[in-house]
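Dear colleague,

I am handing over the structure below, and I would be glad if you kept it open while reading the notes that follow it.

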Amino acid sequence: MSVSIERVRLADSAEWDEIWKNCDYSTFFHSREWAEICSEYSNGSLRPKPMLVVFSDKKKALLPFSCARKLKGLVTNIVSSPMGTYGGWISTDDLSVPHAVLLCEYLTVKLKNLQLRLNPYDEIALRSGIKFNKYDETHALSLVCGFDEIFAGWTKGHSSAARKARKEGVRIRIGSTLDDWQAYCQVYLDTLRRWGDRASSSYSEHLFLQMFQKRSSNIKLWLAFYEDKVVAGAVCFYAGRHAVYWHGAALEETFKLRPVNLLMYEVIKDACENGYEWFDFNPSGGHPGVVAFKKSFGARPLPCPVIITQSGWSELIRRIAARQRDR
(Lines give C-alpha, C1' and ligand atoms only; values in the text may rest on other atoms or scores of the structure.)
Protein backbone atom coordinates (compact mmCIF):
# COMPACT_ATOMS: atom_id res chain seq x y z
CA MET A 1 0.00 0.00 0.00
CA SER A 2 1.38 3.40 -1.00
CA VAL A 3 1.55 6.11 1.63
CA SER A 4 0.93 9.84 1.30
CA ILE A 5 0.78 12.91 3.50
CA GLU A 6 -2.80 13.37 4.60
CA ARG A 7 -2.41 16.73 6.37
CA VAL A 8 0.01 19.03 8.13
CA ARG A 9 -1.08 21.06 11.13
CA LEU A 10 0.33 22.96 14.09
CA ALA A 11 1.31 20.71 17.00
CA ASP A 12 0.58 21.67 20.58
CA SER A 13 3.10 21.67 23.41
CA ALA A 14 1.89 18.38 24.87
CA GLU A 15 2.27 16.59 21.51
CA TRP A 16 5.75 18.02 21.05
CA ASP A 17 6.89 16.99 24.52
CA GLU A 18 5.43 13.50 24.26
CA ILE A 19 6.93 12.70 20.87
CA TRP A 20 10.30 14.18 21.81
CA LYS A 21 10.46 12.23 25.05
CA ASN A 22 9.66 8.89 23.41
CA CYS A 23 11.45 9.15 20.05
CA ASP A 24 14.47 6.82 19.86
CA TYR A 25 16.56 9.25 17.81
CA SER A 26 15.61 12.59 19.31
CA THR A 27 18.27 14.92 20.71
CA PHE A 28 17.96 17.86 23.06
CA PHE A 29 17.98 20.08 19.98
CA HIS A 30 14.61 18.65 18.94
CA SER A 31 13.01 19.63 22.25
CA ARG A 32 10.55 22.40 22.99
CA GLU A 33 12.91 23.47 25.77
CA TRP A 34 15.73 24.22 23.32
CA ALA A 35 13.41 26.11 20.97
CA GLU A 36 12.11 28.23 23.85
CA ILE A 37 15.62 28.99 25.14
CA CYS A 38 16.62 30.19 21.67
CA SER A 39 13.41 32.20 21.31
CA GLU A 40 14.03 33.98 24.60
CA TYR A 41 17.64 34.60 23.63
CA SER A 42 16.47 36.22 20.37
CA ASN A 43 14.05 38.43 22.31
CA GLY A 44 11.17 36.74 20.53
CA SER A 45 12.32 37.34 16.97
CA LEU A 46 12.62 33.55 16.60
CA ARG A 47 9.44 31.75 17.59
CA PRO A 48 8.72 28.01 17.95
CA LYS A 49 6.25 26.70 15.38
CA PRO A 50 6.08 22.88 15.59
CA MET A 51 4.22 21.13 12.78
CA LEU A 52 2.66 17.67 12.89
CA VAL A 53 2.65 15.65 9.67
CA VAL A 54 -0.09 13.00 9.50
CA PHE A 55 0.28 10.25 6.90
CA SER A 56 -2.45 8.27 5.17
CA ASP A 57 -1.53 5.20 7.26
CA LYS A 58 -2.12 7.33 10.41
CA LYS A 59 1.55 7.46 11.35
CA LYS A 60 2.80 10.86 12.47
CA ALA A 61 6.00 12.88 12.49
CA LEU A 62 6.70 16.13 14.29
CA LEU A 63 8.79 18.90 12.72
CA PRO A 64 10.27 21.08 15.51
CA PHE A 65 10.36 24.31 13.53
CA SER A 66 11.19 27.82 14.68
CA CYS A 67 10.36 30.83 12.51
CA ALA A 68 11.68 34.36 12.16
CA ARG A 69 10.04 37.18 10.21
CA LYS A 70 12.54 39.22 8.21
CA LEU A 71 12.49 42.34 6.07
CA LYS A 72 9.51 43.89 7.84
CA GLY A 73 7.57 40.66 7.76
CA LEU A 74 7.81 40.11 4.00
CA VAL A 75 9.96 36.97 4.42
CA THR A 76 9.59 34.13 6.92
CA ASN A 77 12.69 32.09 7.57
CA ILE A 78 12.26 28.60 9.01
CA VAL A 79 14.94 26.76 10.98
CA SER A 80 14.44 23.10 11.70
CA SER A 81 16.40 23.62 14.92
CA PRO A 82 17.95 26.90 16.14
CA MET A 83 21.64 27.81 16.07
CA GLY A 84 22.49 25.31 13.34
CA THR A 85 21.80 22.27 15.52
CA TYR A 86 20.27 18.93 14.52
CA GLY A 87 16.82 19.18 13.05
CA GLY A 88 14.52 17.05 10.95
CA TRP A 89 11.51 15.11 12.15
CA ILE A 90 10.95 13.06 15.27
CA SER A 91 8.35 10.34 15.68
CA THR A 92 7.22 7.57 17.99
CA ASP A 93 5.95 5.59 15.00
CA ASP A 94 8.08 3.17 13.01
CA LEU A 95 8.62 5.28 9.90
CA SER A 96 9.92 3.72 6.71
CA VAL A 97 11.91 5.07 3.79
CA PRO A 98 8.71 6.05 1.88
CA HIS A 99 7.69 8.19 4.87
CA ALA A 100 11.14 9.79 4.89
CA VAL A 101 10.99 10.51 1.15
CA LEU A 102 7.62 12.25 1.59
CA LEU A 103 8.94 14.28 4.50
CA CYS A 104 12.01 15.31 2.51
CA GLU A 105 9.86 16.36 -0.42
CA TYR A 106 7.70 18.43 1.92
CA LEU A 107 10.75 20.07 3.49
CA THR A 108 12.66 20.86 0.31
CA VAL A 109 9.86 21.44 -2.22
CA LYS A 110 6.82 22.65 -0.33
CA LEU A 111 8.74 24.86 2.12
CA LYS A 112 10.96 27.77 1.19
CA ASN A 113 13.54 29.71 3.19
CA LEU A 114 14.31 26.65 5.29
CA GLN A 115 17.56 25.75 7.02
CA LEU A 116 17.95 22.17 8.22
CA ARG A 117 20.84 20.14 9.62
CA LEU A 118 20.02 16.44 9.30
CA ASN A 119 19.93 14.37 12.46
CA PRO A 120 22.86 11.89 12.32
CA TYR A 121 21.00 9.46 14.59
CA ASP A 122 17.99 9.05 12.29
CA GLU A 123 19.05 6.31 9.88
CA ILE A 124 15.86 6.62 7.82
CA ALA A 125 16.49 10.32 7.18
CA LEU A 126 20.01 9.60 5.99
CA ARG A 127 18.66 6.91 3.62
CA SER A 128 15.97 9.14 2.14
CA GLY A 129 18.13 10.42 -0.72
CA ILE A 130 17.60 14.05 0.27
CA LYS A 131 19.84 16.49 -1.56
CA PHE A 132 21.89 18.80 0.61
CA ASN A 133 23.74 22.07 0.07
CA LYS A 134 26.69 21.40 2.36
CA TYR A 135 28.20 18.21 3.68
CA ASP A 136 29.14 18.31 7.34
CA GLU A 137 29.76 15.83 10.10
CA THR A 138 29.87 15.53 13.83
CA HIS A 139 32.10 13.24 15.89
CA ALA A 140 30.56 10.94 18.45
CA LEU A 141 31.50 8.11 20.80
CA SER A 142 29.38 4.98 20.98
CA LEU A 143 29.03 4.22 24.70
CA VAL A 144 27.56 0.73 24.48
CA CYS A 145 30.91 -0.95 25.24
CA GLY A 146 31.24 0.78 28.62
CA PHE A 147 33.61 3.38 29.96
CA ASP A 148 36.57 1.12 30.76
CA GLU A 149 36.86 0.05 27.13
CA ILE A 150 36.36 3.63 25.91
CA PHE A 151 39.06 4.95 28.25
CA ALA A 152 41.44 2.20 27.15
CA GLY A 153 41.06 3.45 23.57
CA TRP A 154 42.10 7.01 24.34
CA THR A 155 45.49 8.22 23.20
CA LYS A 156 48.23 8.00 25.81
CA GLY A 157 48.33 11.78 25.91
CA HIS A 158 44.67 12.07 26.97
CA SER A 159 44.75 9.36 29.61
CA SER A 160 47.99 10.60 31.19
CA ALA A 161 46.74 14.20 31.08
CA ALA A 162 43.57 13.26 32.97
CA ARG A 163 45.68 11.57 35.65
CA LYS A 164 48.03 14.55 35.78
CA ALA A 165 45.13 16.97 36.30
CA ARG A 166 43.80 14.94 39.22
CA LYS A 167 47.27 14.69 40.75
CA GLU A 168 47.74 18.47 40.41
CA GLY A 169 44.56 19.04 42.41
CA VAL A 170 41.99 19.75 39.68
CA ARG A 171 38.49 18.76 40.79
CA ILE A 172 35.29 18.31 38.78
CA ARG A 173 31.72 18.96 39.82
CA ILE A 174 28.41 20.02 38.29
CA GLY A 175 27.61 23.73 38.57
CA SER A 176 24.38 24.45 40.40
CA THR A 177 24.42 28.11 41.45
CA LEU A 178 24.24 31.45 39.69
CA ASP A 179 27.84 32.09 40.76
CA ASP A 180 28.89 28.87 39.02
CA TRP A 181 27.30 29.92 35.73
CA GLN A 182 28.72 33.43 35.95
CA ALA A 183 32.18 32.03 36.65
CA TYR A 184 31.87 29.85 33.55
CA CYS A 185 30.94 32.91 31.49
CA GLN A 186 34.16 34.60 32.60
CA VAL A 187 36.16 31.58 31.46
CA TYR A 188 34.30 31.72 28.15
CA LEU A 189 35.32 35.36 27.67
CA ASP A 190 38.94 34.27 27.97
CA THR A 191 38.31 31.58 25.36
CA LEU A 192 36.76 34.13 22.96
CA ARG A 193 39.79 36.37 23.45
CA ARG A 194 42.10 33.49 22.58
CA TRP A 195 40.16 32.44 19.46
CA GLY A 196 39.60 35.98 18.19
CA ASP A 197 38.27 36.09 14.63
CA ARG A 198 38.62 32.30 14.32
CA ALA A 199 35.73 31.68 16.74
CA SER A 200 32.83 29.85 15.04
CA SER A 201 30.26 31.52 17.30
CA SER A 202 29.91 34.03 20.10
CA TYR A 203 27.18 34.06 22.73
CA SER A 204 26.35 36.60 25.39
CA GLU A 205 26.10 35.82 29.09
CA HIS A 206 22.34 36.17 28.76
CA LEU A 207 22.08 32.80 26.98
CA PHE A 208 23.87 30.91 29.74
CA LEU A 209 21.89 32.61 32.48
CA GLN A 210 18.69 31.56 30.72
CA MET A 211 19.90 27.97 30.90
CA PHE A 212 20.62 28.36 34.61
CA GLN A 213 17.15 29.75 35.22
CA LYS A 214 15.56 26.69 33.57
CA ARG A 215 16.88 24.44 36.38
CA SER A 216 16.53 21.69 33.77
CA SER A 217 17.52 18.07 34.32
CA ASN A 218 18.40 18.02 30.59
CA ILE A 219 21.14 20.65 30.98
CA LYS A 220 24.34 20.19 32.99
CA LEU A 221 27.16 22.66 33.52
CA TRP A 222 30.33 20.69 34.23
CA LEU A 223 33.10 22.67 35.93
CA ALA A 224 36.79 22.07 36.58
CA PHE A 225 38.17 23.80 39.68
CA TYR A 226 41.73 24.50 40.73
CA GLU A 227 42.31 26.08 44.13
CA ASP A 228 38.59 26.94 44.34
CA LYS A 229 38.65 28.78 41.00
CA VAL A 230 36.76 27.71 37.87
CA VAL A 231 39.39 27.03 35.19
CA ALA A 232 37.36 25.10 32.60
CA GLY A 233 33.82 24.02 31.92
CA ALA A 234 31.40 22.38 29.52
CA VAL A 235 27.68 22.76 28.88
CA CYS A 236 26.15 19.38 28.03
CA PHE A 237 22.63 18.52 26.95
CA TYR A 238 20.84 15.21 27.49
CA ALA A 239 17.90 13.47 25.80
CA GLY A 240 16.91 9.83 25.42
CA ARG A 241 19.97 7.92 24.25
CA HIS A 242 21.98 11.04 23.42
CA ALA A 243 24.38 13.21 25.41
CA VAL A 244 26.08 16.12 23.66
CA TYR A 245 28.98 18.40 24.51
CA TRP A 246 27.49 21.64 23.20
CA HIS A 247 29.84 24.29 24.55
CA GLY A 248 33.19 24.39 26.32
CA ALA A 249 35.71 26.90 27.61
CA ALA A 250 39.01 26.92 29.50
CA LEU A 251 41.44 29.47 30.93
CA GLU A 252 44.58 29.63 28.82
CA GLU A 253 46.78 30.20 31.87
CA THR A 254 45.81 26.81 33.32
CA PHE A 255 46.28 24.66 30.20
CA LYS A 256 49.36 23.06 31.77
CA LEU A 257 47.13 21.55 34.47
CA ARG A 258 45.13 19.66 31.80
CA PRO A 259 41.70 20.46 33.28
CA VAL A 260 39.84 19.78 30.02
CA ASN A 261 41.16 16.22 29.86
CA LEU A 262 39.92 15.43 33.36
CA LEU A 263 36.65 17.21 32.60
CA MET A 264 36.07 15.01 29.55
CA TYR A 265 36.94 11.92 31.58
CA GLU A 266 34.23 12.69 34.14
CA VAL A 267 31.61 13.84 31.62
CA ILE A 268 31.95 10.76 29.40
CA LYS A 269 32.11 8.42 32.40
CA ASP A 270 28.91 9.96 33.76
CA ALA A 271 27.15 9.50 30.40
CA CYS A 272 28.14 5.82 30.38
CA GLU A 273 26.97 5.27 33.95
CA ASN A 274 23.61 6.89 33.21
CA GLY A 275 22.80 4.66 30.26
CA TYR A 276 23.33 7.00 27.31
CA GLU A 277 24.31 5.29 24.07
CA TRP A 278 26.03 8.23 22.38
CA PHE A 279 28.33 10.99 23.50
CA ASP A 280 28.36 13.64 20.80
CA PHE A 281 31.16 16.19 20.45
CA ASN A 282 29.08 18.27 17.98
CA PRO A 283 30.28 19.60 14.58
CA SER A 284 33.68 21.29 14.62
CA GLY A 285 33.04 24.51 12.72
CA GLY A 286 35.70 23.73 10.12
CA HIS A 287 38.59 23.69 12.62
CA PRO A 288 40.96 20.76 11.84
CA GLY A 289 42.60 20.97 15.26
CA VAL A 290 39.22 20.55 16.95
CA VAL A 291 38.48 17.50 14.79
CA ALA A 292 41.84 15.94 15.74
CA PHE A 293 41.11 16.57 19.43
CA LYS A 294 37.79 14.72 19.19
CA LYS A 295 39.23 11.81 17.21
CA SER A 296 41.86 11.28 19.90
CA PHE A 297 39.05 10.28 22.28
CA GLY A 298 37.98 7.58 19.83
CA ALA A 299 35.06 9.56 18.40
CA ARG A 300 34.03 8.64 14.87
CA PRO A 301 32.47 10.87 12.19
CA LEU A 302 28.72 10.83 11.60
CA PRO A 303 27.15 12.72 8.67
CA CYS A 304 24.93 15.71 9.43
CA PRO A 305 24.63 17.59 6.11
CA VAL A 306 22.92 20.96 5.84
CA ILE A 307 19.95 21.71 3.57
CA ILE A 308 19.00 25.28 2.68
CA THR A 309 16.06 26.27 0.51
CA GLN A 310 15.26 29.77 -0.68
CA SER A 311 12.40 31.23 -2.65
CA GLY A 312 13.00 33.50 -5.63
CA TRP A 313 10.69 36.04 -4.00
CA SER A 314 12.77 36.24 -0.82
CA GLU A 315 15.99 36.58 -2.80
CA LEU A 316 14.48 39.46 -4.84
CA ILE A 317 13.40 41.23 -1.65
CA ARG A 318 16.87 40.80 -0.14
CA ARG A 319 18.51 42.31 -3.21
CA ILE A 320 16.16 45.31 -3.15
CA ALA A 321 16.80 45.81 0.57
CA ALA A 322 20.57 45.59 0.02
CA ARG A 323 20.43 48.25 -2.71
CA GLN A 324 18.48 50.58 -0.46
CA ARG A 325 21.06 50.14 2.32
CA ASP A 326 23.88 50.96 -0.10
CA ARG A 327 22.34 54.23 -1.20
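In this predicted model, Y276 sits in the loop that runs between α9 (259-273) and β13 (278-280). Although Y276 belongs to a loop, Y276 is buried, with a relative accessible area of 18%, which falls under the 20% cut-off for that term. Setting aside residues up to four places away in sequence, Y276 touches L143, Y238, A239, G240, R241, H242, A243 and A271. One of these, A243, is 33 residues from Y276 in sequence, while in space the two are 6.6 Å apart, C-alpha to C-alpha.

In soluble globular proteins, nonpolar side chains tend to be buried together. Here the largest nonpolar core holds 106 residues, and those with the most contacts inside it are W89, M211, V235, F237, W246, I268 and F279. Strand β11 (residues 229-239) supplies the largest share of this core, namely nine residues. As for V235, its contacts, leaving aside neighbours within four places in sequence, are W181, Y184, F208, M211, I219, K220, L221, V244, Y245, W246 and H247.

Two of those contacts of V235, W181 and Y184, are also among the buried residues of helix α7, to which I turn now. Helix α7 (residues 178-195) has 18 residues and reaches 26 Å from its first C-alpha to its last, close to the 26 Å expected at 1.5 Å a residue. Its buried residues are D180, W181, Y184, C185, V187, Y188, D190, T191 and L192, and they pack against β9 (171-175), α8 (205-214), β10 (219-226), β11 and β12 (242-250). After α7 comes G196, whose phi is positive, near 60 degrees.

There is also an open sheet, built of three strands in the order β1-β3-β4, with antiparallel pairing. The edges are held by β1 (5-10) and β4 (60-63), each of which has a single partner strand, so one side of each is left without a neighbour in the sheet. From one strand to the next the twist averages 20 degrees. Between β1 and strand β3 (residues 51-55) the antiparallel pairing extends over five bridges, and I5 stands opposite F55 in β3. Helix α1 (residues 13-22) packs on this sheet and touches β1, β3 and β4, its direction making about 105 degrees with that of β4. Helix α3 (residues 97-110) likewise packs on the sheet, touching β1, β3 and β4, and its direction makes about 135 degrees with that of β3.

Finally, what of the loop between α1 and α2 (32-41), and is H30, which lies there, buried or exposed? H30 is buried, because its relative accessible area is 0%, under the 20% cut-off. The side chain of H30 makes a polar contact with the side chain of T27, at 2.9 Å. Apart from neighbours within four places in sequence, H30 is in contact with W16, W20, P64, Y86, G87, G88, I90 and N119. In the helix α2 that follows this loop, the buried residues include E33, W34, A35, I37, C38 and S39, and after α2 comes N43, whose phi is positive, near 60 degrees.

With kind regards

Key: Residues numbered from 1 in each chain as written. Predicted model: local features only at pLDDT ≥ 70, side-chain atom pairs only at ≥ 80, totals over all residues. Heavy atoms only, no water. Helix = DSSP H or I, 4+ residues; strand = E, 2+ residues; numbered from the N terminus. Buried < 20%, exposed > 50% of the residue type's maximum accessible area, 1.4 Å probe, protein only. Contact = heavy atoms within 4.5 Å. Core = buried A, V, L, I, M, F, W, Y, C linked by side-chain atoms within 4.5 Å. Pairing = 2+ DSSP bridges. Axes fitted to C-alpha atoms, helices over the stretch in contact; angles between N-to-C directions. Expected span 1.5 Å × (residues − 1). Polar contact = N/O pair within 3.5 Å; in protein donor to acceptor, adjacent residues only side chain to side chain.
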